[in-house]
Number of protein chains: 2
Amino acid sequence: MAENTPIYLEEFMGMHPADLADRLQRLPVDQARHYLQELPVETASAALAEMEEELLPELLKDFPQAKLVPLLNLMPAEDTADVLGEIPEEDKERLLRNMDDAEAEAAKDLLQYPEDTAGGIMGDRFIMLRAHQTVIQAQRRIRQRHREQQPTDINYLFVTDKDEKLVGIVSIRDLIFSEDEVKISDIMDREVKYVRVTDDQEEVVRRFEKYHFLGLPVLDEEGKLVGVIRGDEVLSVAIDEQTEDMQKMVGLDGEERTLTPWPQSFKRRLPWLCVNLLTACLAGAVVGVFEGTIKEFVVLAVFLPIIASQGGNAGMQTVTVIVRDMALGELSPGDGRKALFKELLLGLLIGAIIGVIVGLVGALIAPKFGMAPETGGVLGLVVGAAMVLNLLAAALFGVLIPFALKFFRLDPALGSSILITTVTDVAGFFFLLALGKAILA
Amino acid sequence: MAENTPIYLEEFMGMHPADLADRLQRLPVDQARHYLQELPVETASAALAEMEEELLPELLKDFPQAKLVPLLNLMPAEDTADVLGEIPEEDKERLLRNMDDAEAEAAKDLLQYPEDTAGGIMGDRFIMLRAHQTVIQAQRRIRQRHREQQPTDINYLFVTDKDEKLVGIVSIRDLIFSEDEVKISDIMDREVKYVRVTDDQEEVVRRFEKYHFLGLPVLDEEGKLVGVIRGDEVLSVAIDEQTEDMQKMVGLDGEERTLTPWPQSFKRRLPWLCVNLLTACLAGAVVGVFEGTIKEFVVLAVFLPIIASQGGNAGMQTVTVIVRDMALGELSPGDGRKALFKELLLGLLIGAIIGVIVGLVGALIAPKFGMAPETGGVLGLVVGAAMVLNLLAAALFGVLIPFALKFFRLDPALGSSILITTVTDVAGFFFLLALGKAILA
C-alpha cells in the first residue's frame with residue numbers, strides 16, 4: 001500500500017507520529033480527515049492515536065467506516081479504547097462489530113473502566129510467566145510473545161498463578177543473569193508494588209512520583225493481573241490533571257486550549273462567568289447597603305478596590321498552595337489545622353504591615369477629599385483595620401474553601417478562585433464601609 | 001552496623017525511603033537530624049536523598065561531617081549533587097574533599113550543570129558499549145557493570161566511539177534475542193533521540209511527554225554521552241514546573257508548600273503583595289479622579305465591583321489557558337494572533353450577554369437610588385457598555401500579558417494574575433465612571 005502513496009504525502013510519512021498528529025490538528029478538519037484516508041494505514045493509525053482527544057468527535061464524524069476500521073485494528077488496544085471513548089455510543093458499537101475479533105475484544109476490555117482510573121490509562125501488552133517455569137522456558141516465552149504482539153516494555157515480567165493472579169515479578173536483568181535451569185520462583189520478587197484497577201489516576205500519579213516507578217502492574221478486585229501502566233502515560237496524566245486544576249480554579253472546564261474553537265470555549269466559559277456575576281452582585285449589594293456612607297465619605301470608595309484586591313490576592317495565594325498540596329496528596333489529617341493557624345498568622349502580620357501603609361495613605365489623602373486632619377487620622381485607622389480584617393478573612397476562607405469542596409466530594413480546585421475573591425470582595429467592602437459608618441459618621 | 005541499631009528505630013528501617021523521608025520531614029528538625037545519625041547508613045542515605053530540597057539547609061547545618069560524608073558516598077551521584085547544591089559553598093567544598101574520590105568526582109561532574117537543565121536532572125549510571133563488540137562481549141560487560149555500580153535502567157544500552165561520542169543505541173531486547181557472535185553495530189539503532197545537556201528541563205518534559213520516552217541519553221556540545229534522564233525524574237520535574245507556574249501567577253515563589261514554616265512564607269509572599277498594593281492603588285486613583293461623579297451617582301459605586309470582578313475573572317481565564325499552553329510548548333508562531341482574535345470575539349459575545357443582564361439590573365435598581373425611570377435606562381446602558389468594554393480589555397491584556405512577559409524573557413506566569421486583575425480593575429472603573437460622567441451628568 002505504501003508504494004501507491006501519492007508523492008505529496010511523503011513528507012508526512014517521514015514524520016514522527018506525534019509530529020504528524022500536530023500538523024494534522026492545525027489543518028481544517030476536512031483536510032486532516034482526507035489525509036488520514038490517503039496515508040498508508042500504519043502511518044495514519046499511529047498519527048490518529050496521537051491526536052488530541054477533544055478533536056476526535058468532529059474528525060471522526062464523517063470518516064468512512066471502511067477506512068477507519070483498519071486504523072483501529074492496528075492501534076494498541078489502549079489507544080483504540082481512547083479513540084472509541086470519544087465518539088457516540090452507536091458509532092462505537094458499529095465500529096467494534098466491524099473490527100477484528102481479537103482487537104475488538106481487547107478494546108472492549110479496556111473500555112469498561114472509567115477514563116480517569118488506573119483501568120482507563122493502563123495498557124494490555126505485558127508478559128506473564130509462571131513460577132514453575134525455568135529461565136530458559138521463560139526466555140522462549142518472551143521471544144514468542146514478542147513476535148505475536150510487541151510488548152511495550154520488557155524491563156519487568158509478571159509471574160501469575162493459574163488464575164492469572166499476580167504472585168511475583170522478575171526483572172529482565174535477573175532473567176538474563178540467571179542459569180538456564182533456575183526456576184522463576186527462585187528469582188522472582190514476591191513483594192510487588194501495584195495499583196488497583198479502580199484507583200483514581202491522580203492516586204496513580206502520586207504513587208509513581210513518590211516511589212519513582214517506571215511501570216506498575218494493575219490488579220482487579222480478585223488480585224488478577226489485568227494491565228500495566230507505563231511511566232510515560234503517567235507523565236501525560238500528571239500534566240493533564242494539573243492543567244485541569246489550574247483551569248478549574250478560574251472556572252474553566254479543564255480541557256480548554258488556546259486554539260479550542262471559540263464556540264466550544266464560549267459554551268464552557270459562560271456558566272462560571274454567570275456564577276461570578278451572581279457572586280459579584282453580592283459585593284455590589286454590600287456597597288448599595290452603605291449608599292449613604294459613601295455619599296458622605298466618597299474617599300472610602302477609593303479604598304474599596306485596594307482592600308478588595310489585597311484580600312483577593314492573598315486569598316488566591318493561600319488557595320493555590322492548598323489546592324496543589326491536596327492534589328499531590330501531601331496533606332495528612334491534622335495538616336488542615338496547622339495550615340489554618342499558619343495562614344491566620346501570616347494574614348495578621350502581612351495585614352498589619354500593609355494596613356499601616358494604606359492607613360498612612362488614607363490619612364495623607366484625606367484632606368484632598370475635604371476632611372479635617374483629625375478625621376484623616378481616623379480614616380487611616382478605619383482603612384488599616386479593614387485591611388487587617390480582610391487579610392484574616394482571606395486566610396480563613398483560603399483554607400476553608402478547598403477543604404469544604406473536598407468535604408463535599410467536589411474537586412478542591414473547582415471555582416475556588418471565584419469563590420475566594422467573592423469572599424474577599426464582600427468581606428473587604430463590609431469591613432471598610434461598616435467601620436467607616438460606625439467610626440467616621 | 002545494622003545489628004547495633006536501637007530497637008526503636010526498627011520501624012523506620014522497614015519503611016520505603018520515600019515514606020521514611022516523609023515521616024522525618026514532619027518531625028522537629030533536631031529530631032530528624034538525630035534519627036538520621038542513629039539509623040544504619042544505607043537507610044539514612046536513601047531517606048536523605050528523598051527529602052524535600054528546601055528543608056536541607058536547615059537539616060544539614062548542624063549535621064556532624066563525619067556522619068554526613070558516608071551518607072553522601074552511598075547516594076547515587078545525582079542525589080549527592082542535589083543535596084550538595086542546597087548547602088553553602090564552603091560546606092559543600094569541605095564535604096567533597098572528605099568524600100571518597102570516585103563519588104566526589106561524579107558529584108562534581110553533575111554539579112557543574114544548572115539545576116533546571118537536562119544536566120541538572122540527569123543521572124550518570126548507564127552502560128556504554130562499543131560498536132565492534134559482539135553480543136556475548138556486551139553481555140559480559142553488562143554483567144560486570146552491574147556488579148560495580150547498579151545501573152538504574154538497562155532497557156537501553158548506549159553505543160559510543162572511542163571518544164565516548166554516542167553513535168547508536170541497543171535495546172536489551174535485541175541483545176537477548178541475537179546470536180552470541182553478532183556485532184553490536186549490526187543490531188544497534190543509529191537514529192537515536194537525545195537531549196542536550198544545556199536544554200531547559202521544561203523542554204525535556206515536553207520531549208518526554210510528546211514522544212513517550214521512558215529514558216533519553218544526554219549529550220554535551222561535542223556529542224559526548226554524559227548522562228541519562230529517566231522518565232520518573234521527568235515526572236517529578238513536570239509536577240514541580242507546573243506547581244511553579246500556578247504559584248507564580250498569584251505572586252508566590254513557586255516552591256511554597258502548605259507546611260512551609262511561616263517566616264519563609266512571610267518573606268516570600270510580602271514582595272508581590274506590595275506590588276499588588278501599588279497596582280491596586282492605581283485602581284483606587286481612578287475612583288479618586290471621579291470623586292464628583294460618584295458623589296452624584298452613588299449607584300455607580302454598586303457596579304464598580306461587578307464590572308471589575310467579571311473582567312478579572314474573564315481575564316484570568318484567558319491568561320490561564322495561554323500560560324499553560326506556553327509552558328507545554330503548544331503554541332507555534334502565529335498562534336498568538338489567532339488567540340487574540342478568538343479571545344476578543346469571546347469577550348465581545350460574553351460581554352454582550354453579561355452586559356445586557358447587568359444593564360437590566362442597573363435600570364431596575366436605579367429608582368431605589370432616587371433616579372427617574374428614564375435615567376435608569378441610561379444607567380443600564382452605561383453599565384452594559386462598561387461591561388462589554390472591560391471584557392474586551394480582559395481579552396486583549398489576557399493575551400498580551402503572557403506574550404509580553406515571554407518577550408522580555410521572563411516567565412509568562414510571573415505575577416500574571418496580579419497584572420491582569422490590575423488592568424481589569426483600572427479599565428473597568430475607568431469605563432464605568434467615565435461613561436457615567438459623560439452620559440449621566
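The model is predicted, so local features need pLDDT of at least 70 and side-chain atom pairs pLDDT 80 or more, while totals for chains, interfaces and linings use all residues. Residues are numbered from 1 along each chain as its sequence is written, chains are lettered from A and ligands numbered from 1 in the order in which they are written, and side-chain values use heavy atoms, without hydrogens or water.

A:His212 sits in the loop that joins helix H14 (201-211) to strand S5 (215-219) of chain A; helices (H or I, at least four residues) and strands (E, at least two) are DSSP runs numbered from the N terminus. Its phi is positive, about 60°, although A:His212 is not a glycine. Most residues other than glycine have a negative phi. A:Glu164 is another residue other than glycine with a positive phi, near 65°. The loop that holds A:Glu164 runs between strand S2 (156-160) and strand S3 (166-171) of chain A. With a relative accessibility of 35%, A:Glu164 counts as partly exposed.

Chain A as a whole has 21 helices and six strands. Its radius of gyration is 30 Å, well over the 22 Å that the globule rule gives for 441 residues, so chain A is more spread out than a compact globule. That radius is taken over C-alpha atoms, and the rule is 2.2 Å times the number of residues to the power 0.38. Along the principal axes, the C-alpha atoms of chain A fill a box of roughly 95 × 55 × 35 Å. Of the 441 residues in chain A, 54% are buried. Where contacts (heavy atoms within 4.5 Å) in chain A join residues at least 6 apart in sequence, 67% of them link residues at least 24 apart.

Helix H6 (residues 65-74) of chain A gives an example of burial: its buried residues are A:Leu68, A:Val69, A:Leu71, A:Leu72 and A:Asn73.

H18(A) brings A:Val299, A:Val302, A:Phe303, A:Ile306, A:Gln310, A:Thr318 and A:Ile322 to the contact, and H19(A) brings A:Ala339, A:Glu343, A:Ile354, A:Val358, A:Val361, A:Gly362 and A:Ile365.

One of these residues, A:Ala339 of helix H19, is buried at 1% relative accessibility. Leaving aside neighbours within four places in sequence, A:Ala339 is in contact with A:Ile322, A:Val399 and B:Thr258. A:Ala339 and A:Ile322 are 17 residues apart in sequence, and their C-alpha atoms are 8.4 Å apart in space.

In chain B, B:Thr160 belongs to strand S2 (residues 156-160). Is B:Thr160 buried or exposed? At 4% relative accessibility, B:Thr160 counts as buried. Not counting residues up to four places away in sequence, B:Thr160 touches B:Met128, B:Leu129, B:Arg130, B:Ala131, B:Lys165, B:Leu166, B:Val167 and B:Leu225.

How values were computed. Buried < 20%, exposed > 50% of the residue type's maximum accessible area, 1.4 Å probe, protein only.
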